[in-house]
Amino acid sequence: KPRNTDEGGRFYVTTPIFYVNASPHLGHLYSAVIADCLHRFKLLQGFHSRFATGTDEHGLKIQQAAEAAGADPQSFCTEVSERFKGLFDSCDISYTDFIRTTEQRHKRVVEHFWSLLWNKGLIYRGNYEGWYSTQDESFLTETQVVDAVDSQGNKIKVSVESGHKVEWMKEENYMFRLSVFRPQLLDWLREDPAVVQPECFHQHVLKWLQQDLPDLSVSRHRSRLQWGVSVPNDPDQTIYVWLDALLNYLTVAGFPDSHQGWWNVVHHIVGKDIIKFHAIYWPAFLLAAGLPLPKRLYVHSHWTAEGKKMSKSLGNVVDPLQSSQVFTTDGLRYFLLRQGVPDSDCDYYEHKVTKLLNAELADSLGGLLNRCTAAGLNPDQVYPPFCPEFFSRDGGRAVDEDYQMLDSVKNLPVVMEQHFRSMNIYKALENIAACVRQTNGFVQRHAPWKLDKRKSEERQWLDTIVHVSLECLRIYGILLQPVVPQISDKLLSRLGVRSEERKWVNLNFLPKYYGMECPLTGRPLGQNSGVLFSRLETENIHKD
Ligand code: ME8
């Protein structure tokens, strides 16, 4: 069945756009790797896919960071934005658009959108009084703040959720009629319970919506905030950074001229820290503008470092560029996707990364490839023939576990697709890892190195074992492309699988067994360009 018939064969995935007040950390790369993996997965299935990421460059937080650095805000933003881009490029993040909110194309969209809401009477002049966290660029109600003490012993108030300091603000500015959208937001969330995933976060949002939903302040007085887009026809006010930032998704889609066909297939990847903005404010803004709501909001949890929340003050922020150099780009991507669980926080420590990569990429997958392509088992360096008689239930040599393995591998694409749909990429990878172990078990069980190649039947059985193993590897290679693009390329090239044979439609596992022709049989293997994944040394990496 062709996979790209849903939604006109289009897919649009986004990451949050990241603040440029500090360098990228592991969590930022994680969101980008998830989005990249989904994008590549859709391309594999034959979809037209777009993938947007970028940087969030306006607002008080950035204004203050530039001031503290003694830099002018524009060059400050450019410098940090380049670091994000550089990291993503070096980690094979294949975005189709990298947006910066300081670009003209975006400013035009923000102004246009503002005017649209203003003309509909959904923005009005009002007075805002309440708590504000600059660190989160977020307004908070009385119940969302608590007393705390800062490092100098001063009594302060902080956000319950983020722990960041809040300040009382009182200002005349513009307000958005958020409160009127509560019923529609509830309908949206109830009609399609899968719209916010995983389920626990869907429940959070529903709970928030049971509470008071006051109108939202959507501008600041220019005397406090200069770094942003001015309110059209009122240069004394600057547009609230979250309204500005969220609109990036529409800018990339081509709003207001050419977003049709893309806007109805938008899938947002966000961290759990910014659900409120994406599951309440954003759909309310879209409803106000009469635009379709996001198709999916995929929320992921956070990475901690050696059991602690990563923070600049603790000095334990994991530098993703450095990690990708230690573990290789694909190694780090594999670890993040294999271990990252959407509904609970995950811990990063180097020994764990090393153990996982050595076990699954070097030993299990790399070892299997090595065995089946080594001169011992494969003296002719070809994709050897498959002899169906050995897999006959009646007098063949295959045993129950072998048939179970064939079933698992045959089902893998469907299983993988199911897990990708619910963004449980780790479960898809768990399944692949289990299949790789089964294939190694298959080879081990039949010990083909013990077979006497001079005897015709033994030779045929040997070839069949190698053929089946290479077929398994071919399927793993195709399916792993969105996760570890470099390793998959190396693997498939070694098997002699051409680039046009690496698509979803080529996932016809072991065709000879299922009564079809196998185009690879008899074809020479590709060049041996070394080990698939080099084992990592554990000596230099401290233990848990
Ligand atoms: O919130 N683990 O930007 P931001 C996993 N500009 N992911 C993490 C993480 C961690 N420890 N820390 C951060 C903003 N992230 C706004 C977004 S969107 C219109 C505007 C990831 O630089 C996660 O995706 O603070 C989180 O939501 C995002 O980075 C926050 O990045």
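**Ligand shell and a helix pair**

Strand S1 contributes the most to the shell around the ligand, with 4 residues. The model is predicted: local features need pLDDT of at least 70, side-chain atom pairs count only at pLDDT 80 or more, and totals for chains, interfaces and linings use all residues. Residues are numbered from 1 along each chain as its sequence is written, and side-chain values use heavy atoms, with hydrogens and water left out.

S1 spans 10-19. Helices H1 (26-44), H7 (241-246) and H8 (248-253) also supply at least two shell residues each. Helices (H or I, at least four residues) and strands (E, at least two) are DSSP runs, numbered from the N terminus. There are 22 residues around the ligand, counted as near if a heavy atom lies within 4 Å of it. Ile17, Ser31, Asp56, Asp273 and Trp303 come nearest. By class, the shell has 10 nonpolar, 10 polar and 2 charged residues. Ala, Val, Leu, Ile, Met, Phe, Trp, Tyr, Cys and Pro count as nonpolar, Asp, Glu, Lys and Arg as charged, and the others, Gly among them, as polar.

A polar side-chain atom of Ser31 lies 2.6 Å from a ligand oxygen atom. For Ile17, a backbone N or O atom lies 2.8 Å from a ligand nitrogen atom. Taken alone, the ligand exposes 670 Å², of which the protein buries 92% (Shrake-Rupley method, 1.4 Å probe).

Elsewhere, helix H13 (residues 400-421) passes H15 (residues 456-480), their axes coming within 11 Å and crossing at roughly 10 degrees. Axes are lines fitted to C-alpha atoms over the stretch in contact, with angles from 0 to 180 degrees between N-to-C directions. H13 and H15 are therefore roughly parallel to each other (angles under 35 degrees).

Key: A polar contact is a pair of N or O atoms within 3.5 Å; within protein, one must be able to donate a hydrogen and the other to accept it, and residues adjacent in sequence count only if both atoms are side-chain atoms. Angles under 35 degrees count as roughly parallel, over 145 as roughly antiparallel, 65 to 115 as roughly perpendicular and the rest as oblique.
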